[in-house]
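Here is a walk through one model, meant to be read with the viewer open. Please have the sequence at hand as well.

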Amino acid sequence: MITLQLTDLKKSFGPNTVFEHLDLTHSQGPLGIAGSNGSGKSTLLQCIGGLLPPTNGTITWKEQSEVLSSGAIQQRLGYAAPYINLYDELSCLENLSFLANVRLQDYGSNIEEWLQKVGLGGVVDQPFGKISTGQRQRLRLAAALFHQPNILLLDEPGSNLDKSGEQLVKEIALQFSGDNKLLILASNNNQELNLCQKVYSIETQAFL
Ligand SMILES: Nc1ncnc2c1ncn2[C@@H]1O[C@H](COP(=O)(O)OP(=O)(O)OP(=O)(O)O)[C@@H](O)[C@H]1O
C-alpha cells in the first residue's frame with residue numbers, strides 16, 4: 001500500500017501564500033483535488049511531485065511502512081500536466097525513447113504499446129510540436145505511464161481531449177484503483193473528479 005502524508009504544508013510565492021497548515025493523508029486509489037481557478041491545485045501537485053519545494057512542512061511517501069527516498073519516488077512516479085513539456089522537434093516515439101534512456105531502463109515494447117493505447121499509432125513519427133493539442137495531451141499521458149508507475153499525478157488530464165480521450169482517462173483512473181497504486185488528479189471538471197474515490201478541496205482543506 002502506498003501512502004502520501006502532507007504535514008503542515010505551506011507554499012508561498014514571495015508575499016503571496018497559496019496554502020498553509022495543510023494536513024492530508026491518502027492511501028491507495030484515486031484522490032481528486034478540487035478548487036476554483038487560482039486556488040492552488042497545480043501548486044500543490046507540483047509540491048507533491050517534487051517540482052516545487054514547499055515553503056514549510058513535510059511530504060512523506062510510504063510503501064507499506066517503509067518511507068520512500070526521493071530516488072525511489074522518482075522510479076515509481078508518473079506525472080502528466082500542461083506545464084510538463086516534451087521536445088517539439090522530437091517525434092512522439094523519439095520523445096518516449098528519450099525519456100526511457102533518461103530512466104536507464106529497457107521498457108521493451110511498452111513505448112509502442114502506450115502510443116497505440118493513447119491513440120497515437122498513426123502519428124508516432126510526427127514531431128511533438130506539429131501534432132494537435134489533444135494529441136499532445138495524449139502523448140503526455142503516455143509519457144507519464146509507459147514506465148508503469150504505481151504513483152500517478154495528473155493535472156487536468158482531460159484538457160483538450162475528445163470523448164475517446166475522456167474514456168482513456170477513465171480507464172487510467174480505474175487502473176489506479178488497484179492494489180499498491182495511488183492517483184492524484186487535480187481538476188475543475190466534475191466528470192473527472194467523479195472518477196476519484198475521494199475528493200479533497202484545497203479551498204476548505206477538507207474532503208468533500
Ligand atoms: N511560479 C509562480 N510564481 C508566482 N506565483 C505563482 C506561481 N505559480 C503559481 N502561482 C500563483 O499561485 C496561485 C495558485 O495557482 P495554481 O496554478 O496552483 O492554481 P490552480 O488551482 O491550479 O488554478 P487553475 O484551476 O486555473 O489551473 C495563483 O495565484 C498563481 O498566480
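## Gln191 and helix α7

Gln191 sits in helix α7, where helices are DSSP runs of H or I with at least four residues, strands are runs of E with at least two, and both are numbered from the N terminus. Gln191 is exposed because 12 or fewer is the limit for that class, and Gln191 has 11 other C-beta atoms within 10 Å.

A word on the ground rules: residues are numbered from 1 along each chain as its sequence is written. The model is predicted, so local features need pLDDT of at least 70 and side-chain atom pairs count only at pLDDT 80 or more, while totals for chains, interfaces and linings use all residues.

Helix α6 takes in residues 163-175. Gly165, Leu168, Val169, Ile172 and Ala173 are the buried residues of α6. They line one face of the helix, because they fall within an arc of 140 degrees when seen down the axis; the arc is that of the directions from the helix axis to the C-beta atoms.

What do the buried residues of α6 pack against? Their partners are β3 (29-34), α5 (133-145), β8 (182-186) and α7 (190-193), where contact means C-beta atoms, placed from the backbone, within 7 Å. The face of α6 turned away from the buried side carries the exposed residues Lys163, Ser164, Gln167, Glu171 and Leu174.

## Loops on either side of α6

Asn160 belongs to the loop between β7 (151-155) and α6. Its phi is positive, about 70 degrees, although Asn160 is not a glycine. With 14 C-beta neighbours inside 10 Å, Asn160 counts as partly exposed.

Asn180 is placed in the loop between α6 and β8. Here too phi is positive in a residue other than glycine, near 60 degrees. Asn180 is exposed, with 12 other C-beta atoms within 10 Å.

## Leu182 in strand β8

Leu182 is part of strand β8 and counts as buried, with 25 C-beta neighbours inside 10 Å. Leaving out residues up to four places away in sequence, Leu182 touches Ile2, Leu4, Gln28, Gly29, Asn150, Ile151 and Phe176. Leu182 and Leu153 are 8.6 Å apart, C-alpha to C-alpha, and 29 residues apart in sequence.

Is helix α1 enclosed or open? Eight of its eight residues are buried, so α1 is largely enclosed by the rest of the structure. The buried residues of α1 pack against β1 (2-13), β2 (16-27), β3, β4 (56-63), β7 and β8. After α1 comes Gly50, with a positive phi near 85 degrees.

Helix α1 (residues 41-48) also gives the largest share of the shell around the ligand, three residues. That shell consists of Phe13, Val18, Gly35, Asn37, Gly38, Ser39, Gly40, Lys41, Ser42, Thr43 and Asn188, a residue being near the ligand if its C-beta atom, placed from the backbone, lies within 6 Å of it. By class there are two nonpolar, eight polar and one charged residues; Ala, Val, Leu, Ile, Met, Phe, Trp, Tyr, Cys and Pro count as nonpolar, Asp, Glu, Lys and Arg as charged, and the others, Gly among them, as polar.

## Helices α3 and α5

In helix α3 (residues 92-102), the buried residues are Cys92, Asn95 and Leu96. They cover an arc of only 90 degrees around the axis, which puts them on the same side of α3. These buried residues pack against α4 (110-117) and α5.

Arg140 lies in helix α5 and counts as buried, with 24 C-beta neighbours inside 10 Å. Setting aside residues up to four places away in sequence, Arg140 touches Ala80, Ile84 and Leu86.

Terms used
The expected span of a helix is 1.5 Å times one less than its number of residues. A residue is buried if 20 or more other C-beta atoms lie within 10 Å of its own, exposed if 12 or fewer, and partly exposed in between; C-beta atoms are placed from the backbone. Two residues are in contact if their C-beta atoms, placed from the backbone, lie within 7 Å.
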